[in-house]
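Biologist: Please take a close look at the nonpolar core of this model and the strands around it. I would like one connected account.

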Amino acid sequence: MNEGDALATPVLAFATSNAHKVSELRAILDPFVPGVHDGYIVTLAQAGADEPVEDGITFEDNALIKARHLCELTGLPTIADDSGITVDVLGGAPGIFSARWSGHHGDDAANLDLLLAQIADVPDRHRGAAFVSAAVLVTPDGQTFVERGEVHGHLLRERHGSGGFGYDPIFVPDGFDCTTAQMSPEDKNAISHRGIAFRALAPHVARVLAS
């Protein structure tokens with residue numbers, strides 16, 4: 001088997017159906033696990049797996065539910081994340097409900113519109129928010145690793161930028177004058193909640209795959 005064939009053999013599962021997250025993960029993992037590409041990672045869809053019921057009460061709970069579900073099905077070390085936005089004046093909501101805030105899972109436009117409407121009358125000085133991500137790795141032999149990333153900032157009143165996804169077009173990180181949707185993928189990964197969490201998780205992934 002040549003090197004290309006070896007890399008094409010799935011050795012890692014990623015419990016997501018979100019193509020944006022897969023792209024981000026590959027970019028973040030590459031310095032730790034060189035050669036990562038599509039054939040190297042099995043997603044929920046590729047494994048023919050249904051989305052598990054995410055009935056946890058924290059980001060960490062839901063990430064572990066997803067990772068354990070796909071790990072059991074594939075027998076592979078599996079990573080997952082659960083991410084969302086927490087808004088100060090909403091007491092931390094949408095939080096774990098970020099992806100389905102409007103009632104329809106993954107409808108980014110509807111979720112963003114609803115959030116903007118809910119805080120329309122909130123003064124700029126009180127529009128603080130944070131992106132939060134819990135990234136986990138579970139292995140078939142029962143090892144579990146959990147890392148968390150957060151980035152704080154504030155919310156604009158209208159969309160700016162066409163990059164990213166989710167709530168990126170209205171979120172400006174502290175210390176920046178643009179939204180995460182206006183950043184290049186490289187710049188966003190360098191400061192994002194998911195980037196922080198997955199970079200912390202990446203050495204665990206590398207060690208597990210090397211063992």
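Modeller: What follows goes from the core to its aromatic pairs, then to the strands. The model is a predicted one.

The largest nonpolar core has 19 residues. Within this core, Ile79, Phe198 and Val205 have the most contacts. At least two residues each come from β1 (12-14), α2 (19-29), β4 (128-138) and α6 (193-210). The element that gives the most is α6, with six residues. In soluble globular proteins, nonpolar side chains tend to be buried together.

Ile79 shows how these elements meet. Beyond its neighbours within four places in sequence, Ile79 is in contact with Leu12, Ala13, Phe14 and Ala15, and also with Leu25, Ala67, Val136 and Leu137.

A pair of aromatic rings is described by the distance of the centres and the angle of the planes. Because Phe14 lies in strand β1 and Phe198 in helix α6, the pair ties together parts that are 184 residues apart in sequence. Phe14 counts as buried because its relative accessibility is 0%, and Phe198 counts as buried at 1%.

The whole structure holds two aromatic pairs.

Strand β4 runs antiparallel to β5 (residues 144-155), and 11 bridges join them. Five residues lie between the strands of the β4 and β5 hairpin, where Gly142 takes a positive phi near 95°. On to β6, β5 is joined by three bridges, again in antiparallel fashion. Here His154 stands opposite Val172 of β6.

Strand β3 (residues 78-87) contains Val87. With a relative accessibility of 1%, Val87 counts as buried. Setting aside neighbours within four places in sequence, its contacts are Gly92, Ala93, Pro94, Leu115, Ile119, Gly128, Ala129 and Leu155. For one of these, Leu115, the C-alpha atom is 9.3 Å from that of Val87, at a separation of 28 residues along the chain.

Asp82 is also found in strand β3. An unreviewed UniProt entry places a "binding site" feature at Asp82. Asp82 counts as buried because its relative accessibility is 6%, under the 20% cut-off. The side chains of Asp82 and Lys66 make a polar contact at 3.2 Å. Apart from neighbours within four places in sequence, the residues in contact with Asp82 include Glu54, Thr58, Phe59 and Asn62. Also in contact with Asp82 are Ala63, Lys66 and Ile96, together with Val132, Ser133 and Ala134.

Methods
Residues numbered from 1 in each chain as written. Predicted model: local features only at pLDDT ≥ 70, side-chain atom pairs only at ≥ 80, totals over all residues. Heavy atoms only, no water. Core = buried A, V, L, I, M, F, W, Y, C linked by side-chain atoms within 4.5 Å. Buried < 20%, exposed > 50% of the residue type's maximum accessible area, 1.4 Å probe, protein only. Helix = DSSP H or I, 4+ residues; strand = E, 2+ residues; numbered from the N terminus. Contact = heavy atoms within 4.5 Å. UniProt positions renumbered as here; feature names shortened; annotations may be inferred. Polar contact = N/O pair within 3.5 Å; in protein donor to acceptor, adjacent residues only side chain to side chain. Phe/Tyr/Trp six-rings, centres within 6.5 Å; stacked < 30°, edge-to-face > 60°. Pairing = 2+ DSSP bridges.
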